[in-house]
Amino acid sequence: MAKVYTCFCTDYIHEGHLNIIREAKKYGDVIVGILSDKAMIKFNKFPTANFSERVAIVKNLKDVSDVVIQDDVMYDKIVENIKPDYVIHGDNWCSGPMKAIRDNVVALMEKTGGKVIDVPYTKSEQVQLLDAKNELKRSMPEYRRKMLKELINLRDVVKTIEVHSGLTGLIAEKTIVENNGELDQFDAMWISSLCDSTAKGKPDIELVDMTSRFRTISDVMEVTTKPIIFDGDTGGLIEHFVYTVRTLERMGVSAIIVEDKIGLKKNSLFGTEVKQTQDTIEHFCEKIKAGKKVQLTDDFMIIARIESLILEQGMEDALTRAHAFVQAGADGIMIHSRKKDPAEILEFCDKFREVNKSTPIVVVPSSFNTITEAELAEHGVNIVIYANQLTRAAFPAMEQVAKDILKYHRAKEVDDRLMPIKQIISLIDEL
Ligand code: SPV
Ligand code: MG
């Protein structure tokens, strides 16, 4: 009998899947691959049913001969191990980001002499509703909140991009590129204090109040499913910080990063050009402990940000603080630098990892932007945050368009730089 392979990346079975199995059966024995948790998460399809549940629902289906694990969205290992005569899939992979997967399968099957079969995707109302509901289920607080910890465990590095509105949230959510046969997308989102303030035309000095910052989070959450890391600045008074932790956790935010500064906070990228005061180790530890005490789930993370390198207090101070903050209960350490050269960041990571192998390290490579994610991961970094690039990209583009409209007294000259109206209205999903 010929072997027919299909891969399911789903938490539930609908008539579309059954149709694929029916079609597959016409060609031979049907083997179904279930995408592993790791592969699903890498592909940003966080499972809402665990792997064994997903295997069980397929195993019991009529006409399925065997169920195997598929450990990567690309099919190299599967084709090598199973040597299917046919690979069958819904034709939704003929375009969009999934086309890279189909291209991978076509190339592999050409080598083995096998065939790729595209079955028309079942677009019934029921299937569409189920797909949309399942996609959005992941945006519910109980699913979204725990994603960051899962990502830290499963990814070499958690790629995080700044967002400050529904629209930037959509960019973070939907941008997928194909790179050398791999599909790349951002894993998580950063609600930056700098960009949230800048979007409101305000300075980054904890002036935009928490109610407004929560509103930004809510706007982002409305249109996305990826996990959120919140820039909590200094965290404010301990008496206030505990309320912030409770609210963020309830909303489904995965982590807050708080920096060890006190008094009037200025943006770190000013460094010592402006007056900024670092908190004492003792007081900042009290803040961390207070936050951890009120937390209700195991999912939420309080990450301590160390400003010693920014404020030129030296490596030893940064390391002493890191170990003290972990001791006080911090779930992660963010180390920041405004040097172009990543050397001091790498030195910190190496020295911290000599003593502490597991506490996640976060970095924000805005100034030291030549280093790659892979190089940072080699030094023990777990989360990389691109903290302000979307804002810095949008502002000059908007300003230039404004200037040119003023110059030409009409908009024709700027039009080919603009997204077509049709495209911008279709950016937003309809319910
Ligand atoms: C932010 O994005 O607001 C940050 C990172 O805190 S930085 O601006 O580099 O200090
Ligand atoms: Mg900030």
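I started with where the ligand is: ligand 1 sits in the largest cavity. My test for "sits in" was more than half of the molecule's atoms within 2 Å of the grid points of the cavity or pocket. I took a cavity, on a 1 Å grid over the protein atoms alone, as a set of points where a 1.4 Å probe fits but cannot get out.

Ground rules, before going on. This is a predicted model, where local features need pLDDT of at least 70, side-chain atom pairs count only at pLDDT 80 or more, and totals for chains, interfaces and linings use all residues. Residues are numbered from 1 along each chain as its sequence is written, chains are lettered from A and ligands numbered from 1 in the order written, and side-chain values use heavy atoms, with hydrogens and water left out.

**Entry: around the ligand**

I listed the residues with a heavy atom within 4 Å of the ligand. Around ligand 1 I got W190, S192, S193, L194, D231, N267, S268, L269, R305, H336 and A387. That shell splits into four nonpolar, five polar and two charged residues. I counted Ala, Val, Leu, Ile, Met, Phe, Trp, Tyr, Cys and Pro as nonpolar, Asp, Glu, Lys and Arg as charged, and the others, Gly among them, as polar.

Next I looked for polar contacts (pairs of N or O atoms within 3.5 Å). H336 has a side-chain N or O atom 2.7 Å from an oxygen atom of ligand 1. For D231, a polar side-chain atom is 2.8 Å from a ligand 1 oxygen, and for S193 the distance from such an atom to a ligand 1 oxygen is 3.1 Å. Taken alone, ligand 1 exposes 280 Å², and the protein buries 100% of that; I used Shrake-Rupley areas with a 1.4 Å probe.

**Entry: cavities**

Searching the whole structure, I found two cavities of 30 Å³ or more. The largest has a volume of about 170 Å³, and 19 residues line it, with L194, N267, R305, H336 and A387 closest to its centre. Lining residues have an atom within 4 Å of a grid point. The largest cavity's lining holds six nonpolar, seven polar and six charged residues.

The second largest cavity comes out at about 70 Å³. A39, K42, F43, D72, V73, E182 and L183 line it, and helix 2 (37-42) and strand 8 (182-185) are the elements that give two or more residues. I count four nonpolar, no polar and three charged residues in that lining.

**Entry: an open site**

A pocket is an open set with protein on both sides within 12 Å along at least five of seven lines. The second largest pocket has a volume of about 780 Å³. I noted 23 lining residues, with L167, T168, L390, A394 and M398 closest to its centre. Helix 16 gives the largest share of the lining, eight residues. By class I have 16 nonpolar, five polar and two charged.

Note on methods. A polar contact is a pair of N or O atoms within 3.5 Å; within protein, one must be able to donate a hydrogen and the other to accept it, and residues adjacent in sequence count only if both atoms are side-chain atoms. Grid points are joined across faces, edges and corners, and a volume is the space filled by probe spheres set on the points. Helices (H or I, at least four residues) and strands (E, at least two) are DSSP runs, numbered from the N terminus.
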